[in-house]
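Biologist: Let us go through this protein together. I will ask, and you answer from the coordinates.

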Amino acid sequence: FYDYYSNCLDTKTYPMAKFVSEHGWPSYPTWPTYKAATGPDDWSVGSLGMEFRQRHFNKTAEMTNQYGKHFRLPLSWEASTVGETFRLWQMYMYLNHVQQVGGGWSQYHTEWAYS
């Protein structure tokens, strides 16, 4: 079951399953890990390095769509300065990690903890 457009934090969108082998929501590594494996050209939303890491066509757009369901996003992820580009990229990475926590928290509290 793959659904990139429904709210990923809404557990009612997922079918009941006896076995789940993959959860499918990508997580970026922490900054020290990412920095060690990449260079400054990769530190912007939609960079070639970031897109290569996805290995799935249009995944950054799909992830950004999910973030927009739960967070206020900038009108654009592009910036006119290197510093602003890096700040927006850091925000994107932060939202990825918050989304990870939100998904796990939502799943635990809506189904497992009270069933």
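Biologist: How many helices and how many strands are there in the protein?

Modeller: A caution comes before the count: this is a predicted model. Read along the sequence, the pattern is α-α-α-α. The count is four helices and zero strands.

Biologist: What share of the residues counts as buried?

Modeller: The protein has 115 residues. Its accessible surface comes to about 8,200 Å², and 59% of that belongs to carbon and sulfur atoms. The share of residues that count as buried is 27%.

Biologist: What part of the contacts with a separation of 6 or more comes from residues 24 or more positions apart?

Modeller: Phe71 and Leu95 give an example of that separation, at 24 residues apart in sequence. They are also in contact. Across the protein, residues 24 or more positions apart account for 68% of the contacts with a separation of 6 or more.

Biologist: How far apart in space are Phe71 and Leu95, C-alpha to C-alpha?

Modeller: Phe71 lies in the loop between H3 and helix H4. Leaving aside neighbours within four places in sequence, Phe71 touches Leu95, Val98 and Gln99. From C-alpha to C-alpha, Phe71 and Leu95 are separated by 8.2 Å.

Biologist: Is Phe71 buried, exposed or partly exposed?

Modeller: Buried would need under 20% relative accessible area, and exposed over 50%. Phe71 has 25%, so Phe71 is partly exposed.

Biologist: Which element gives the most to the largest nonpolar core?

Modeller: This core has 13 residues, and Tyr28, Tyr34, Met50, Trp77, Trp89 and Tyr92 have the most contacts inside it. The elements that give two or more residues are H3 and H4. With five residues, the one that gives the most is H4.

Biologist: How are the rings of Tyr28 and Tyr92 arranged, stacked or edge-to-face?

Modeller: The whole structure holds ten aromatic pairs. In this one the ring centres are 6.5 Å apart. Planes over 60 degrees apart count as edge-to-face. Here the angle is 65°, so the pair is edge-to-face.

Biologist: How many residues separate Tyr28 and Tyr92?

Modeller: Tyr28 sits in the segment before helix H1, and Tyr92 in helix H4. Both are buried, Tyr28 at 3% relative accessible area and Tyr92 at 0%. The pair links distant parts of the chain, with a separation of 64 residues.

Biologist: What is the angle between the planes of Trp31 and Trp89?

Modeller: Trp31 is in helix H1 and Trp89 in helix H4, 58 residues apart. Trp31 is partly exposed at 32%, whereas Trp89 is buried at 2%. Their rings are 5.5 Å centre to centre, and the pair is edge-to-face with an angle of 70°.

Biologist: Why does the span of H3 agree with its number of residues?

Modeller: H3 has twelve residues. At 1.5 Å a residue, the helix should span 16 Å. That agrees with its end C-alpha atoms, because they are apart by 17 Å.

Biologist: Is Glu62 buried or exposed?

Modeller: Glu62 is found in helix H3, residues 59-70. Leaving aside neighbours within four places in sequence, Glu62 is in contact with Tyr4, Tyr5, His56 and Phe57. The cut-off for buried is under 20% relative accessible area. At 7%, Glu62 therefore counts as buried.

Definitions and conventions
Residues are numbered from 1 along each chain as its sequence is written. This is a predicted model: local features need pLDDT of at least 70, side-chain atom pairs count only at pLDDT 80 or more; totals for chains, interfaces and linings use all residues. Side-chain values use heavy atoms; hydrogens and water are left out. Buried means under 20% relative accessible area, exposed over 50%, partly exposed in between (1.4 Å probe, protein chains only). Contact means heavy atoms within 4.5 Å. Rings of Phe, Tyr and Trp (its six-membered ring) pair if their centres lie within 6.5 Å; planes under 30 degrees apart count as stacked, over 60 as edge-to-face and the rest as tilted. The expected span of a helix is 1.5 Å times one less than its number of residues. A nonpolar core is a set of buried Ala, Val, Leu, Ile, Met, Phe, Trp, Tyr and Cys residues joined through side-chain atoms within 4.5 Å. Accessible areas come from the Shrake-Rupley method with a 1.4 Å probe; for residues, only the protein chains shown count as cover.
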